[in-house]
Amino acid sequence: MLRIQNLYKRYGDYIALNGLNLYLKKGELLGFVGPNGAGKTTTMRIAAGLLKADSGEIYVDGIDVNKDQKKLKEKIGYMPDFFGVYDNLKVIEYMEFYASMYGIIGNKAKQISMELMDQVNLSDKANDYVDELSRGMKQRLCLARSLVHNPDLLILDEPASGLDPRARVEMKTILKNLSDNGRTIIVSSHILPELAQMCTTIGIIEKGRMVVNGTVDEIMTKLNATNPIIIKVVNNQEEAITLLKTNPLVENISIKENSISIGFLGDEIEEAKLIRTLVENNVYLSSFSREEGDLESLFMQITAHAEQEV
Amino acid sequence: MFHTNPVYKKELKISVRTIKTAMIILAYNMILAVIGLFVFYASFDYKSTIAGVVNYHNMMNLYEILSVIEFALILFIVPAITSGAISGERERQTLDILLTTKLTPLQIIRGKLASSISLILLIVVSSLPILSIVFSIGGIRIIDLIQLMMCIVVTAIFVGSIGLFFSVLFRRTTVSTVFTYGTVIFLVLGTIGILTGVYLIINVRIDTNVVEDAAHRIAPNLGNMILMLLVNPAITLLSLFSNQFKNKEFLSDFLNNYGQCNRVVTEHWFGISVTIQLLISIILIIMSARLLDPLKRGNTKRGNSRRSKTKRKKNNQY
């Protein structure tokens, strides 16, 4: 649905995108994560046809973003990170106004608008003025607006920014429902755990490059592979340490009371072999497990360098 | 265009709901009414009481005065409406959303201009009862009034397209408004000022060169330089008066102050100036649409650097 290859964008001396690659399949909900200044908004603006890349390719459902703007606009629904509303326009009129931009008018526009407002829990606000809505309601209205022409790809730039916890949960639920109904969505945030709960895939961008891309499970597996293994021994701790030191896959051994923490570069089979070696040498184990990682620590680890520079 | 453009519809809907529009119409008609009734009173009631004589030819003067006031008010109102049309969307942060819809930049510009012209038409039509004072005695035809309306609409399109152009060019409405009013003042007064300045310089030169034979002194002739007044909406109105009142040579009397220019142009001044102003409007509208297109604007170095500066200011987010 979305294919970005070697995307470059500069703002003067600043390199916003440095050969970004991104692939999004139909029906996926991609969490596009990165620290401030990583290039998320630039990527989304280019995908939405609001900005021209210096070089690289970007296709939405096979359409070259730079060449066929008319078709692109039918395919995408865009929600910017900052947006305003019109005073003196009612919620239903706001929806109908944007529907008319796509040639949807009259009763059909009203019907679609009401259905979408129902999806974002705003149907009871149809006759209220837009500027009277709360921030969270405006965000939901903008989301409904971006769906008015039934786009194939939804590009949402930090849709939950500035919302209180309840409104964030509501927004997450709406996005999850949209995804469950087969909608392809790319949603940006600088908070990874927030997206991890609802996204099918995650892409972490740092300094204009995609550093991690895959399903949440894949990323978690990769993350755990680098986490230390904690071994709790009942007896023969010294013997255990000696054995561990001789294993070429073991590094960084540290001891805390009866627990030994090791960096282990092997996979699950290698882990099993290590357990057998220890047991065969009369080291009794009460526990052998890899420390569970979380997405937040992964994000902090990946973006630490960028954060220092920003 | 006028029936289907969503921007046009939305702008009209919003503008009729604001108190600002009602106040503009009220103020516009009040100014016209006060001045119109004052001139009417001064021309007829006062003169008939004090002097015992009424010159019905003064009705022409009343028409001219009301037309000039109406014209001046339009020149004042149109920049206020159009100079914030696009920059206002940008400031409200609604422009990006508009640009990602199926509407083309040209359609957005057309919708904005059409809604401004519609508002001007509303204001002008609302003033018709006041303008119809001139019919009370006679001498003014309906066709004269229709011509005046058309002249005002053309001026509104011309000034409106200038306002829209600056509104696209500058991010801030205040800057755009200053430039729009500046351009309008230049067109109305600046062009006359330039001609007068050049005239005076040439006059001084003639005076210093021809001192011995003052009897054969030749008045300065700016020739076709006078044609720059074709873009001056005030001179267009003057030419309309000349066409409407054959016994008054407003235009030629005025232009003769600066010398002689192409006779054909002078004879068809109204038509030519209206055509030129409409052509300039079309060019400005096309340029505005091009500037508004993010991808076309993005090709220019200026577009990139401008985006760059504002982006960096905004939350350091890229």
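Questions on a predicted two-chain model

Colleague: Which strands does helix α1 of chain A lie across?
Modeller: This is a predicted model. In it, helix α1 of chain A covers residues 40-47 and runs at about 115 degrees to β1(A). The strands of chain A that α1 lies across are β1 (2-11), β2 and β4.

Colleague: In what order do the four strands of the open sheet in chain A stand?
Modeller: The pairing in this sheet is antiparallel. Its edge strands, each pairing on one side only, are β2 (14-24) and β5 (63-64) of chain A.

Colleague: What is the bridge partner of A:Val60 in β5(A)?
Modeller: Strand β4 of chain A spans residues 55-60 and pairs with β5(A) in the antiparallel sense. Two bridges join β4(A) and β5(A). In β5(A), the partner of A:Val60 is A:Ile63.

Colleague: Which element gives the largest share of the side of chain A that touches chain B?
Modeller: The contact takes 34 residues from chain A and 29 residues from chain B. On the chain A side, α1, α2 (69-75), β6 (76-79) and α3 (91-101) each supply at least two residues. The largest share is five residues, and it comes from α3(A).

Colleague: How many residues on the side of chain A that touches chain B are charged?
Modeller: The residues of that side divide by class, with 18 nonpolar and twelve polar. The charged ones number four.

Colleague: Are α10(B) and α13(B) roughly parallel or roughly antiparallel to each other?
Modeller: Helix α10 (residues 233-244) and helix α13 (residues 269-292) of chain B pack with their axes 8 Å apart, at an angle of about 150 degrees. Angles over 145 degrees count as roughly antiparallel. α10(B) and α13(B) are therefore roughly antiparallel.

Colleague: How many polar residues are in the contact of α10(B) with α13(B)?
Modeller: From α10(B) come B:Ile235, B:Thr236, B:Ser239, B:Leu240 and B:Asn243, which meet B:Trp269, B:Phe270, B:Ser273 and B:Val274 in α13(B). By class, this contact has five nonpolar residues and no charged ones. The polar residues number four.

Colleague: What share of the residues in chain B is buried?
Modeller: The secondary structure of chain B comes to 15 helices and zero strands. Among its contacts with a separation of 6 or more, 80% are between residues 24 or more positions apart. Of the 318 residues in chain B, the buried share is 37%.

Technical notes. Residues are numbered from 1 along each chain as its sequence is written. Chains are lettered from A and ligands numbered from 1 in the order in which they are written. This is a predicted model: local features need pLDDT of at least 70, side-chain atom pairs count only at pLDDT 80 or more; totals for chains, interfaces and linings use all residues. Two strands pair if DSSP finds at least two bridges between them. Two residues are in contact if their C-beta atoms, placed from the backbone, lie within 7 Å. Axes are lines fitted to C-alpha atoms, for helices over the stretch in contact, and angles run from 0 to 180 degrees between N-to-C directions. Ala, Val, Leu, Ile, Met, Phe, Trp, Tyr, Cys and Pro count as nonpolar, Asp, Glu, Lys and Arg as charged, and the others, Gly among them, as polar. Angles under 35 degrees count as roughly parallel, over 145 as roughly antiparallel, 65 to 115 as roughly perpendicular and the rest as oblique. A residue is buried if 20 or more other C-beta atoms lie within 10 Å of its own, exposed if 12 or fewer, and partly exposed in between; C-beta atoms are placed from the backbone.
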